[in-house]
Amino acid sequence: MAFTFTLLAAAVLSGCAVGPDFQKPAMMDPGAQFVRQPSSVLSSSASSAAASAQEPDAQFWRAFNDPLLDELVARALVNNRDLHAAFARWQAAQALLEGTRADRLPTVTANAGGTQQRLARDQASPGQPRSSRSYQAGVAASWEADLFGRVRRAIEAGEADAQAGAADIAAMQLVIAAQLAGSYVELRGLQMRLALSQDNERNQRRTVELAEKRFSAGLSTDFDLRRARAQWQATLATIPSLEAQAAFAQHRIATLAGEMPGAWLEQLSVAPAALPAAPALIDPGTPADLLRRRPDIAAAEARLHGATARIGVATADLFPRVSLGAMLGSFTLAGGSLFKAASSNSNVVLGIDWTFLDAGRVRARIAASEAGADEALAQYQQTVLGAMEETENALVRLQKNREQGDLLALAASEQEQAEWQADRLYRAGSVSFYEVLDAQKQRLAAQDAALQSRVAGLQAALALYKSLAGGWGAGDPSVGYVELGQFSM
């Protein structure tokens, strides 16, 4: 028996796990730089502007220097219910992994029992007592010798699943922070547009009052008065829509923060300060840096690792499973004799389970596992391509929005001057009242477009921060970026 144990131990130590070993998939060359990378960043060694370029950071929303936004994001990273669900999935993966790891150890069970029996008269043999008692107790152990790596591959797959779950949490934290910051910027932009519309509504109401006085004095026509009223009412009509959009943004912010939609209304309704300027330059680094930072890519790679390991789990079923079992117990008809030498019993079993006649089903499971790995590889590659596309788009959006914003700001300034000139010329009798109304309308449109462009610029910066995923590497979520459950509803 000692020889058998020695032989099996040597086999376990020297055995190899069947199935393919995971290797990081080769990917098409992403290049040394992004296609749409600003030239000022490419020449950063010689450019003072690029020298001050902001690096992607995990707490990118702090670039806006808004304490309320900081607090809201902090609460969202703790209270968001989608994040809690992701954390629960990771905990489930961890628990399953611990269960799989336990398969490396013997399974030990203990049992004890007593039986009292009374036979019918016709059941008992002559001279046999009709009543009897028996007592038994024992400990049994069984252990699977992982000769072909089935258990090791299962553990490898479980570890990969847990790593994918951790990366999913990091990716969700990143998305939640970006969504909340984006909704906050949208809200503040809507509130500023609302204030602009209300200011223009007051100015146009005064224009209507002036037109009414001039009409009463016979200095203008009914046509001028009606046009002034129509323009004032059109501006007035934009206010309810902006108020509704602002309310939607407030509700969205509260929900992202894991609270009821009505929360934070008082704080979010306070008249906002001027929108912060978008960062002048954000250094995207290199595509290789991006692929290392993105938690969604890390999650896809971990899932590919797990799918590859499961090929080994399925392949191991082509080979025999060897197990050892042992039992040490005691059996007696007299309770006082239990555990005495005369009542002890024991056995040791060497078992071999080999379903070689079921190879067709096993090979079908292997083929399914291989197809699953092919799917995971395709998903990994698509995740990489999607990350590259998202970043390239964000770079273009930020750059072109800056160009558009500069032009719209100039246009708004020119329209303000045009309105002032139209009013002066009208009072001098050089232009009609229509020219004044048109100038007011064009100024409002230009100012609103410039405001929307500023909001879009901040949204573009947030999109680039999100796509670059600075500092969001997947770690142990239980001791990671935030401690879930710190806040409550």
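**Exercise 1.** Are α4 and α5 parallel or oblique to each other?

*Solution.* In this predicted model, begin with the geometry of the pair: α4 and α5 pack at an angle of about 40°, and their axes lie 6 Å apart. Next, recall the cut-offs, by which angles under 35 degrees count as roughly parallel and 65 to 115 as roughly perpendicular. The two helices are therefore oblique to each other. Finally, identify the residues in contact, which are Ala76, Leu77, Val78 and Asn79 on α4, together with Arg81, Leu83 and His84 on α5; sorted by class, this contact has 4 nonpolar, 2 polar and 1 charged residues.

**Exercise 2.** Work out the order of the strands in the open sheet, and say which of them are the edge strands.

*Solution.* The sheet has 4 strands in the order β1-β2-β3-β4, with antiparallel pairing. Its edges are β1 (107-118) and β4 (344-353), each of which pairs on one side only, and the twist from one strand to the next averages 20°. For the partner of β4, consider β3 (residues 321-332), which runs antiparallel to β4 and is joined to it by 10 bridges; as one example, valine 322 has isoleucine 352 in β4 as its bridge partner.

Methods
Residues are numbered from 1 along each chain as its sequence is written. This is a predicted model: local features need pLDDT of at least 70, side-chain atom pairs count only at pLDDT 80 or more; totals for chains, interfaces and linings use all residues. Side-chain values use heavy atoms; hydrogens and water are left out. Axes are lines fitted to C-alpha atoms, for helices over the stretch in contact, and angles run from 0 to 180 degrees between N-to-C directions. Angles under 35 degrees count as roughly parallel, over 145 as roughly antiparallel, 65 to 115 as roughly perpendicular and the rest as oblique. Contact means heavy atoms within 4.5 Å. Ala, Val, Leu, Ile, Met, Phe, Trp, Tyr, Cys and Pro count as nonpolar, Asp, Glu, Lys and Arg as charged, and the others, Gly among them, as polar. Two strands pair if DSSP finds at least two bridges between them.
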